[in-house]
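I opened my notebook to work through this fold one piece at a time. Here is what I looked up, in the order I did it.

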Amino acid sequence: MPTLAASLCLLLISAPTSSLAAAVRKPPPEREPACTGSYDWLSPRMDAADCAAAIEKIGRSDGARYGNRQFEFVGRSGVRKTPLPPMHTPRRYTAGEIKDVCLEVAKPRLTCAGTCTVVIAMLNIFPEADLPDPPKNPLGSSDVTTFHDLYLAADNVLHHCVTWLQQAGYQQEGVVASIGVLLMATDSLENHSIPPGVNPADTLDVKINVLNRVELRRTNSN
């Protein structure tokens, strides 16, 4: 499996040099999600309707703001390999309420924040035993994709795993398939094992001038 840098170089050779974003953009490959019925992913509760609502939060926030713009998604200790603007991970999108479970005094760990969370994270942070059908390709600490493709990947996991099988799951995304788009119960052991990440409301405003230099400034969409 080629590295991220090698994949981008091959694309650049055959593409116009006037736009790096155009050079790295290509039709997303056909990928199938991996599903799991593990208690660690599903407990205490995960509702399909809340998963759909969490995915729509991607569409209404980062998806609406950035669409098909290319970004290099980077882990907490990842090293950037392209001049594309970075998006830091993990990123979480949560929907739903678990009021009935939150009333149980015996479970003080409960977040009461929702029943379903979409996590966008670099797959190299997960122990192999945590993932159903672990990736066989070498995993990097950064990778390139768009929020449009992440939205489609999350929707694919929703339909294949959550709706059809009543399970959680994930799908690989990115040029070298190092990004994970994971759907799981908000208060699951798996979600709690993933490090805190970026609030999707704290986003990047990207401006590209006529010299194709990328200027970044932190903004807040609220």
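**Entry 1: T145.** I started with T145 and found it in strand β6, which covers residues 142-145. I kept in mind that this is a predicted model. Is T145 buried or exposed? Its relative accessibility is 2%, and buried means under 20%, so T145 counts as buried. Next I looked for a polar partner: the side chain of T145 makes a polar contact with the side chain of E173, at 3.4 Å. I then set aside the neighbours within four places in sequence and listed what else T145 touches. The list has R69, Q70, F71, F73, L150, E173, G174 and I179.

**Entry 2: the sheet that holds β6.** I followed β6 into its sheet, an open one of 3 strands in the order β3-β2-β6, with mixed pairing. β3 (86-88) and β6 are at the edges with a single partner strand each, so one side of each has no neighbour in the sheet. From one strand to the next, the twist averages 35°. How many bridges join β2 to β6? I noted 4 bridges between β2 (residues 71-74) and β6, and these strands run antiparallel. As an example, V74 stands opposite S142 in β6.

**Entry 3: the other sheet I traced.** This one is open too, with 5 strands in the order β1-β7-β8-β5-β4 and antiparallel pairing.

I zoomed in on two of the pairings. β5 (residues 116-122) and β8 (residues 179-185) run antiparallel and are joined by 7 bridges; A121 has G180 in β8 as its bridge partner. β4 and β5 pair in the antiparallel sense over 5 bridges, and R92 stands opposite V119 in β5.

Then I wondered about β4: how many of its residues are buried? The count is 4 of the 5, so β4 is largely enclosed by the rest of the structure.

**Entry 4: helices over the sheets.** As for α4, it lies across β4, β5 and β8, running at about 125° to β4.

**Entry 5: the two helices together.** How do α4 and α6 run relative to each other? The axes of α4 (residues 48-66) and α6 (residues 147-165) come within 9 Å and cross at roughly 170°. Angles over 145 degrees count as roughly antiparallel, and the two helices are therefore roughly antiparallel to each other.

I also wrote down who meets whom. From α4, the residues include A48, C51, I55, I58 and Y66, and from α6 they include F147, Y151, L158 and V162. By class, this contact has 11 nonpolar, 2 polar and 3 charged residues.

**Entry 6: the whole protein.** Stepping back, I counted 7 helices and 10 strands. Buried residues make up 47% of the 222 residues. Last, I looked at contacts between residues at least 6 apart in sequence: 73% of them join residues at least 24 apart.

Technical notes:
Residues numbered from 1 in each chain as written. Predicted model: local features only at pLDDT ≥ 70, side-chain atom pairs only at ≥ 80, totals over all residues. Heavy atoms only, no water. Axes fitted to C-alpha atoms, helices over the stretch in contact; angles between N-to-C directions. Parallel < 35°, antiparallel > 145°, perpendicular 65-115°, else oblique. Contact = heavy atoms within 4.5 Å. Nonpolar A, V, L, I, M, F, W, Y, C, P; charged D, E, K, R; others polar. Pairing = 2+ DSSP bridges. Buried < 20%, exposed > 50% of the residue type's maximum accessible area, 1.4 Å probe, protein only. Polar contact = N/O pair within 3.5 Å; in protein donor to acceptor, adjacent residues only side chain to side chain.
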